[in-house]
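The sequence and the structure are shown below.

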Amino acid sequence: MDIEPGELTVGQLSQRSGVAISALHFYERQGLILSRRTSGNQRRYKRDTLRRVALIRIAQRVGVPLAEVAAILKLLPENRTPTRADWERISECWQAELDRRIVHLEQLRDDFKDCVGCGCLSLDRCALANPYDALAAQGPGPRRLMSTEGEPCHPGKCA
């Protein structure tokens with residue numbers, strides 16, 4: 001079978017990760033995961049590929065583009081199994097971006113039902129919250145949901 005200890009076949013990786021074989025092949029073509037080829041041209045994956053696939057799936061679930069996932073995964077060593085410190089280092093890279101995404105998701109959940117200060121003046125509250133589209137002077141976009149620096153914030157909490 002030409003399998004070394006600690007290696008997985010593509011079928012085993014698929015079964016263990018819950019990801020279709022076709023998706024694993026796609027991840028490999030995108031450079032997200034690596035395999036070695038046997039003498040019979042079959043793929044063999046290191047066991048730590050499970051963690052990489054888990055990271056890819058989690059990132060996709062929260063809307064992180066695969067290009068960003070690939071950039072983060074390139075920070076992991078290819079010639080050895082990543083250590084806890086390696087994983088901690090890459091997780092720190094996403095901290096600020098994930099915090100921004102959380103704020104955006106909270107805004108969508110909590111504030112979008114109200115006027116967002118976009119200047120549409122189509123809701124009955126818009127004339128009260130943004131009379132004559134006065135927020136347009138602050139710049140484009142949903143001004144009530146953005147700070148003066150363009151960062152997301154909750155209405156009434158922006159500087």
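## Strand pairing

In this predicted model, β2 and strand β3 (residues 43–46) run antiparallel and are joined by two bridges.

The open sheet consists of three strands in the order β1-β3-β2, with antiparallel pairing. β1 (7–9) and β2 (36–37) each have a single partner strand and stand at the edges, so one side of each is left without a neighbour in the sheet.

## Helix against the sheet

## Nonpolar core

The largest nonpolar core comprises 23 residues, and L24, Y27, I33 and V69 are those with the most contacts inside it. Two or more residues of this core come from each of α1 (10–17), α2 (21–29), α3 (49–61), α4 (66–73) and α5 (84–93). The most is given by α3, with five residues.

Y27 illustrates these surroundings. Apart from its neighbours within four places in sequence, Y27 is in contact with V19, L32, I33, V53, I56, R57 and Q60. Among these partners is I33, which, like Y27, is one of the residues with the most contacts inside the core.

## Aromatic residues

A pair of aromatic rings is described by the distance of the centres and the angle of the planes. The count for this model comes to one aromatic pair.

A charged residue is also placed against a ring: R51 lies over the face of W87, 5.6 Å from the ring centre.

Conventions
Residues numbered from 1 in each chain as written. Predicted model: local features only at pLDDT ≥ 70, side-chain atom pairs only at ≥ 80, totals over all residues. Heavy atoms only, no water. Core = buried A, V, L, I, M, F, W, Y, C linked by side-chain atoms within 4.5 Å. Buried < 20%, exposed > 50% of the residue type's maximum accessible area, 1.4 Å probe, protein only. Helix = DSSP H or I, 4+ residues; strand = E, 2+ residues; numbered from the N terminus. Contact = heavy atoms within 4.5 Å. Phe/Tyr/Trp six-rings, centres within 6.5 Å; stacked < 30°, edge-to-face > 60°. Lys NZ or Arg CZ within 6 Å of the ring centre and 35° of its normal. Pairing = 2+ DSSP bridges.
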